Amino acid sequence: MNGLILVDKSRGMSSAAVVGITRRRLRLDRVGHAGTLDPFATGLLVLLVGRATRLAGYAVAGRKVYSAEIIFGTETDTDDSTGEASGGSGEQPDIELVQKAAIPFHGTIYQEPPQFSAKKVDGRRAYAIARGGARVTLDAVPVTIDSFNLWCEDGEGGKPRYFFRVACSKGTYIRSLARDLGRAIGCGAHLASLRREGSIPFSVEEATVLEEVGTDSVIGWDRLFPDAHSCALSEGEVAGIERGLERSIQDVLTRLNGETADHQERAIGLSPDGVPHAFFVRNDHEWRFVVCAPGK
């Protein structure tokens, strides 16, 4: 069985726990994910099963879409509601001020990852260091914010509740975005909730809750690469690639060099009946074979 499973992860569960449960439930040796999702967050988690796990390194470039609730007036040490208060003025800003302060966050920006993140510092995870009470220096990294839309709703007792939806590049920390927006306003802020709505080309609306995941939840791994070049394989090439024969693989690579445009960097080899069978990438103008992963 090779393919993808789209899971709508619940709050409080780690991505690793979702992988482990899926592996045991479907009795599979190989299950991975294409981009982790914090335990605090809910929403779309893309799992890879079987030989498709070899595609993880090529599957995380898709842009992400998140929705979140943000609480102004208080910073926390985790930048979300699971942490301890660490600052803030307690003030609740006007929504027009919030929207104006968000304008500089559009486009390419530099952000410092949260102290409680999986970034490594001298071989240790930042969150492990932070849990020990130490503060680490994390280098700011460039990320791209395509859209950042904020609005306000009346909450209990008329107290305002602030929400936003953001489309961004991979590697963007939404907790950092909330923290930095609060600092730009001068009141402090942290996340109350976070949900991943999409990981292009997938939407959480396509996902299945973990309790209902089964073998019928597996979809084709080729959907990871909607813009990939399609290459028709002969029955002999299918058999040869399956056996790892260098000549069969080289025949396909030679053909790809001749039939693809310069901008194309991904290719999927299709068996005579149209089933995705093999995946190829181009690096430094040369095509190479990555994995043979026949459709389920």
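## Burial and the predicted model

A residue is called buried when its relative accessible area is under 20%. The structure described here is a predicted model. By that criterion, both Phe225 and Phe279 are buried, and buried residues account for 48% of the 296 residues in the protein.

## Overall architecture

The protein contains 6 helices and 18 strands. Its C-alpha atoms occupy a box of roughly 70 × 40 × 40 Å along the principal axes. Of the contacts between residues at least 6 apart in sequence, 66% connect residues at least 24 apart.

The accessible surface amounts to about 14,600 Å², and carbon and sulfur atoms contribute 47% of this area. The protein carries 35 positive and 39 negative charges, whose mean positions lie 6 Å apart.

Val18 belongs to helix α1, which spans residues 15-26. Because its relative accessible area is 0%, Val18 counts as buried, the limit being under 20%. Leaving aside residues up to four places away in sequence, Val18 touches Val7, Lys9, Met13, Leu45, Leu47 and Leu210.

Ser86 lies 68 residues from Val18 along the chain, and the C-alpha atoms of Val18 and Ser86 are separated by 31 Å.

Strand β16 (residues 266-270) pairs with strand β15 (residues 229-232) in a parallel arrangement, joined by 4 bridges. Within this pairing, Cys231 has Gly269 of β16 as its bridge partner.

Strand β16 also pairs with strand β17 (residues 276-283), here in an antiparallel arrangement with 5 bridges. In this second pairing, Ala267 stands opposite Phe280 of β17. Strands β16 and β17 form a hairpin with 5 residues between them, and Gly274 in the turn has a positive phi of about 85°.

## Aromatic pairs

A pair of aromatic rings is described by the distance of the centres and the angle of the planes. The whole structure holds 8 aromatic pairs. One of them is formed by Phe225 and Phe279, with 4.4 Å from centre to centre and 20° between the planes. This pair is classed as stacked because its 20° angle falls under 30 degrees. The pair links distant parts of the chain, 54 residues apart: Phe225 is in the loop between β14 (208-209) and β15, whereas Phe279 is in strand β17.

Phe225 and Phe279 also belong to one aromatic cluster together with Tyr58 and Trp221.

Key
Residues numbered from 1 in each chain as written. Predicted model: local features only at pLDDT ≥ 70, side-chain atom pairs only at ≥ 80, totals over all residues. Heavy atoms only, no water. Helix = DSSP H or I, 4+ residues; strand = E, 2+ residues; numbered from the N terminus. Buried < 20%, exposed > 50% of the residue type's maximum accessible area, 1.4 Å probe, protein only. Contact = heavy atoms within 4.5 Å. Areas by Shrake-Rupley, 256 points an atom, 1.4 Å probe, with all protein chains shown as cover. Lys, Arg positive; Asp, Glu negative; His and termini not counted. Charge placed at Lys NZ, Arg CZ, Asp CG, Glu CD. Pairing = 2+ DSSP bridges. Phe/Tyr/Trp six-rings, centres within 6.5 Å; stacked < 30°, edge-to-face > 60°.
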